[in-house]
Amino acid sequence: MKRGYIVDETRAMTDDEDFKWRGHKSGNKQKGQSSQNTIVIDHAIITTDPVPIKVLSEKIGKTGAEIISTLFLLGIIKNINGSIDFETAELVTAELSKDHPITLELRPESTYEDELNKMREDNIAKGGLVTRPPVVCIMGHVDHGKTSLLDYIRKSNVTSGEAGGITQHIGGYTISLNGNPITFLDTPGHEAFTTMRARGAQATDIAILVVAADDGIMPQTIEAINHARQANVPIIVACNKIDKVSANPDRVLNQLTEHGLLPEIWGGETPVVNVSAKMGTGVEELLENVLILAELRELKANPKLTARGTIIEARMDKGLGKIATVLVQSGTLCCGDDMIAGTATGRVKVMIDDKGKQVKKAGPSIPVSVTGWDELPEAGDIMDVVESDRFARDLAAERKLKLATKKDDSSGAVNLDDLFDKISKGELKTVKLIIKADVQGSLEAVKQSLGKLGNEEVNIEIIHGGVGAINESDVSLADTAKAIIIGFNVRPDANAKSLASQRKIDIRFYNVIYKAIEDIEAAVKGLLAPKYKEVVLGSADVREIFKISGVGTIAGCHCTDGKIVRGARARLIRNGKVETDTEIASLRHGKDDVKEIARNYDCGIMLLNYPDVKVDDVIEAYQLEQI
Ligand code: GDP
């Protein structure tokens, strides 16, 4: 019972055939072994999904070799230390227990992950929220001044007290404006932001979009806008290089409007601040805007809890070994805390802040570099402090097991071929597309024609469009937004290609517009025309015919199999051939109208629009079920 067997003892005692535990050769039977020791398994309870093969072997009484070779026949290659998902375990069990079927039941015990989630929920329920600093990332086109701006902000805010510290590049830093802290993630561009989002972490509260006033909005500016939009992160625009004579901030305002960011001074929601990262002009005003927006967003966290955060950087350090920067998001991280991030675990040994100082604690919105890891976590992993190192290790083992058996299609990525599937499961209501084309003209044409393909049930949303090769940013945007990429006369670059295959992003290439339209339309129509499969309900032999004037032909039948259901679809079969395909219009048992008739009962059936029934015909009732 402890192992989850349900033992059918009577069968074991009476059925000679079963006098051995299947999987044990009779020759191996030990001398003197009594029949009481043998068991027949017909039901086994599985407590984990995935199921380790060793556990399955024990529970269904089949050897590892038997399971592995059955898996092999199913096209799955595993070794004895591997695991399979529950569905596969059921399949294998069915294959191996054809003589005496064994049913598998999944009765999951609560997992370590469940316990962690419960702890997180309990923490949320505790309340105790206080204001926390905003976390800001800087985005924009190359050379528009992201690094210069980050550097200027960092340097200008090192107060005399902190000047002794060597500024450390730990992936983020916190400055203070009139006593109000702001944390910057110092990986310029969208990478930090998107790799994190791809893993489900939301590290940034506000995005500063740097646009060079002399250059205006460029392709990566648009990318950045779309990334922020998909992540629901508000944007503040820094109109940079305002010191240059060629600067044209008004043009930037116009261009922003064209891309859906209406500047505040024109009555919109987007603050636009003219700055010079080189001279420092306007930077303070920019930071003030960050604080105003932060206040509006009411960013809060409870610093008294155990910490939770996101890994924003991880590397090997010559002296310190494995070191990772954690952006604490709630609670306070303390030296000695047991932590887990992804599958990496550890106990916080040394914590170093952005000034290079060793610290003992780090509260919400503070980035700190942490040592003490058993393996390097990955940027974007969520870090939790847990009750014990034992729990951390058990949870990590559970996660590793899960990763090892993760199905190929479980990334959540959307594929043109499985759109229908996702829609029918209610996972998808909007098909998101990213369109890259060779020239502006074709980009507009493709955008317009594809944008029109949606209808009341399926939305088509073009979340990003651009001219040029498909790049890494497109792929990571597709990943976070669950979008499909359409390449029109363009190809992906090498990085995009490898990221796309890693993340299973669907990229479709076209060189004629109508083909692209055809494909998307087909996928959308697939969504709208659900597929059906036929399920036979039962059949009845026609034994007598009654012609009743004013009513029609009634077939006096005997239900030989399954059941006959009024209103169900029905086929009339004569000598093995289908004569007609219609419906059961009425169904009677004696004088009563009935809804259904079971096997071995007589009934009267009238078929819809088909009076020509004959004795010895067979009526087969079936229904269509949506797949
Ligand atoms: P990033 O690629 O966006 O990180 O851009 P950088 O910060 O590297 O800046 C690109 C170039 O623009 C550098 O040569 C900077 O010196 C220059 N630059 C950045 N900000 C300003 C500015 O406000 N004024 C002027 N005149 N040049 C700037």
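The dialogue below walks through how to read some features of one predicted protein model.

Colleague: Before we look at any feature, what should I know about this model and its numbering?

Modeller: This is a predicted model, in which local features need pLDDT of at least 70 and side-chain atom pairs count only at pLDDT 80 or more, while totals for chains, interfaces and linings use all residues. Residues are numbered from 1 along each chain as its sequence is written, and side-chain values use heavy atoms, with hydrogens and water left out.

Colleague: How many helices and strands does the chain have?

Modeller: Helices (H or I, at least four residues) and strands (E, at least two) are DSSP runs, numbered from the N terminus. In this chain there are 16 helices and 35 strands.

Colleague: Which residues of helix α9 are buried?

Modeller: In α9, which covers residues 249-258, the buried residues are V252, L253, Q255 and L256. They lie on the same side of α9, because they cover an arc of only 170° around the axis, where the arc is that of the directions from the helix axis to the C-beta atoms. The buried residues of α9 pack against β10 (206-212), β11 (235-240) and β12 (272-274). After α9 comes G260, which has a positive phi near 85°.

Colleague: How should I read the pairing of strands in a sheet, and in what order do the strands of the 8-stranded sheet stand?

Modeller: Strands of a sheet pair through backbone hydrogen bonds, either parallel or antiparallel. Two strands count as paired here if DSSP finds at least two bridges between them. The open sheet of 8 strands has the order β18-β17-β23-β14-β15-β22-β19-β20, with antiparallel pairing. At its edges stand β18 (344-347) and β20 (358-359), each with a single partner strand, so one side of each is left without a neighbour in the sheet.

Colleague: Which residue stands opposite I323 in that sheet, and is T371 buried or exposed?

Modeller: Strand β15 (residues 321-330) pairs antiparallel with strand β22 (residues 367-371) over 5 bridges, and opposite I323 stands T371 in β22. T371 has a relative accessible area of 4% and is therefore buried. Leaving aside neighbours within four places in sequence, the contacts of T371 include L320, K322, M339 and R347.

Colleague: What does a hairpin look like in this structure, for instance that of β30 and β31?

Modeller: Strands β30 (residues 569-574) and β31 (residues 577-589) run antiparallel and are joined by 6 bridges, with I573 having V578 as its bridge partner in β31. There are 2 residues between these strands, and N575 takes a positive phi near 50°. Another hairpin is formed by β31 and β32, also with 2 residues between them, and G590 in its turn has a positive phi of about 60°. In this second pair, R588 stands opposite D593 in β32.

Colleague: Which strands does β29 pair with?

Modeller: Strand β29 (residues 552-565) runs antiparallel to strand β34 (residues 602-607), joined by 4 bridges, and C557 has C603 as its bridge partner in β34. β29 also pairs in the antiparallel sense with strand β33 (residues 596-598) over 3 bridges, where the bridge partner of I564 is I597.

Colleague: Where is I41, and is I41 buried or exposed?

Modeller: I41 is found in strand β2 (residues 41-46), and I41 is buried, with a relative accessible area of 4%. I41 and I60 stand 19 residues apart in sequence, yet their C-alpha atoms are 6.5 Å apart in space.

Notes:
Buried < 20%, exposed > 50% of the residue type's maximum accessible area, 1.4 Å probe, protein only. Contact = heavy atoms within 4.5 Å.
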